[in-house]
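Please walk me through this structure, one part at a time.

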Amino acid sequence: MNFLVFLPTSFTLSYLWNLGSMLGMVLVSQILTGFFLTFYYSTLDGFGSVQYIMYEVSGGWFFRILHSNGASLFFLCIYIHIFKALIMGSYRLVFVWISGILIYFLLMGIAFTGYVLIWAQMSYWAAVVITSLMTSIPYIGKYLVLWIWGGFSVCYNTLFFFYSLHFILPWLMFILLFFHLFFLHNTGSTSLIFVHNDYDKVWFFPSFWFKDLINIIFYFFFLLFCFFFPFYLVDPMIFFESDSMVSPAHVVPEWYFLFAFTILRSIPNKLLGVILMFSSIFFFLILVFPKNYNMFLDILISFFVFSFVWIFFWLTWAGHYPMDYPFDYFNLFFTIFYFVFIFLIYFFNLLVKHCFY
């Protein structure tokens, strides 16, 4: 308990730093609701078991909408958490940043495998599209796809594969989360004055205990959202059972995947599109290499960060629309600048380290 009471913490931390504890609260909520849903879920009839939970199990509807919307809340918090970290230069904390990016990548995998479990029309064809991308891997791609499918097409064996991953991956994320918190408490958080020295530190208790209690109020509003708008954030096609003979006119994933989906579709070459889609996550790792612990030109770097955030919003919005004119040109343009602005953040941190100090 010492790290929750006597942890030296910068007194300048604002409510933006609540996102870390909020993510922990949502994670607990997701585990508890997901644990309940597993009691009644069957991979032999994925769509039917979801409907059974919604209409037949007492209180099942509550756990289902809480788990579904909880995924959106998790990604909302983690995106704000990442954007805040970019503005505050948290990539200076090398191991904290690396473990955080790996957690984010695992979270994407957990969310995707959970989305497939609905086995509705859109989630089924999302599984078909995403798994088919692996055929772009030279030599082993087609064999890897057949292994994941458990047959010659997406079937109930594939559903069981994703169900197993959805259960296993959170345990790997727990391990990474432990290291993330360990490294964070070892180095301390970034602060509004960009320092890590002890002269701006106070004990975590009681000030930050009371500051983190605001999360309870925020979670209460999340519950209200679940009650009044339970399916506002999901595609209407989740209410239709999967049909392998009829594909949707336009496959659209959940909103938190849209930026990566847009990057994938903006590149005509299939293999390059897959590489850039994964690079949209792992490209953030280059920011640790300058190892610049001095903040100079921070206003300019903040401009690059806000420009990057604006591009992220465009890619997310554009993912809802087919790749017709003019989206094909615009999406390619914004995909390029997605990586350009990350590189500019890296370059100017490197410049500050070697030229100004």
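Phe179 counts as partly exposed because its relative accessibility is 37%. Here buried means under 20% relative accessible area, exposed means over 50%, and partly exposed lies in between, with a 1.4 Å probe and protein chains only. Phe178 has 55% relative accessibility, so Phe178 counts as exposed. This is a predicted model: local features need pLDDT of at least 70, side-chain atom pairs count only at pLDDT 80 or more, and totals for chains, interfaces and linings use all residues. Residues are numbered from 1 along each chain as its sequence is written, and side-chain values use heavy atoms, with hydrogens and water left out.

Now the aromatic rings. Rings of Phe, Tyr and Trp (its six-membered ring) pair if their centres lie within 6.5 Å; planes under 30 degrees apart count as stacked, over 60 as edge-to-face and the rest as tilted. The whole structure holds 67 aromatic pairs. One of them joins Tyr79 and Tyr104. Their ring centres are 5.9 Å apart and their planes stand at 80°, so this pair is edge-to-face. Tyr79 sits in helix 4 (residues 60–87) and Tyr104 in helix 5 (residues 94–116). The two are 25 residues apart, and the pair links distant parts of the chain. Both Tyr79 and Tyr104 are buried. Phe178 and Phe179 also pair: their ring centres are 5.6 Å apart and their planes are at 75°, so this pair is edge-to-face.

On a 1 Å grid over the protein atoms alone, a cavity is a set of points where a 1.4 Å probe fits but cannot get out; lining residues have an atom within 4 Å of a point. Grid points are joined across faces, edges and corners, and a volume is the space filled by probe spheres set on the points. How many cavities of 30 Å³ or more does the structure hold? There is 1. The largest cavity has about 40 Å³ of space. Helix 4 and helix 13 (298–318) are the elements that give two or more residues. Helix 4 gives the most, with 3 residues. By class, the lining has 9 nonpolar, no polar and no charged residues. Ala, Val, Leu, Ile, Met, Phe, Trp, Tyr, Cys and Pro count as nonpolar, Asp, Glu, Lys and Arg as charged, and the others, Gly among them, as polar.

Step back to the whole protein. It has 14 helices and 2 strands. Helices (H or I, at least four residues) and strands (E, at least two) are DSSP runs, numbered from the N terminus. Of its 357 residues, 49% count as buried. Contact means heavy atoms within 4.5 Å. Among contacts between residues at least 6 apart in sequence, 80% join residues at least 24 apart.

Helix 2 (residues 18–38) has 21 residues. From first C-alpha to last it reaches 30 Å, close to the 30 Å expected at 1.5 Å a residue. That expected span is 1.5 Å times one less than the number of residues. Buried residues in helix 2 include Met22, Val26, Ser29, Thr33 and Leu37. An α-helix has 3.6 residues a turn, so residues three or four places apart point the same way. Ser29 is buried because its relative accessible area is 9%. Beyond its neighbours within four places in sequence, Ser29 is in contact with Leu66 and Tyr219.

Leu169 lies in helix 8 (residues 156–187). With a relative accessible area of 14%, Leu169 is buried. Leaving aside neighbours within four places in sequence, Leu169 is in contact with Leu106, Gly109 and Ile110. The C-alpha atoms of Leu169 and Ile110 are 6.3 Å apart, though 59 residues separate the two along the chain.

Trp119 lies between helix 5 and helix 6 (121–132). Its phi is near 55°, a positive value in a residue other than glycine. Tyr139, in the loop between helix 6 and helix 7 (141–149), has a positive phi of about 70° and is not a glycine either. Buried or exposed: which is Trp119, and which is Tyr139? Trp119 is buried because its relative accessibility is 3%. Tyr139 is exposed because its relative accessibility is 77%. A cis peptide bond joins Tyr325 and Pro326, with omega about 5°. Pro326 is found in the loop between helix 13 and helix 14 (327–356).

Notes: 1 Å grid on protein atoms, 1.4 Å probe; cavity = no way out; pocket = protein on both sides within 12 Å on 5 of 7 lines; lining within 4 Å.
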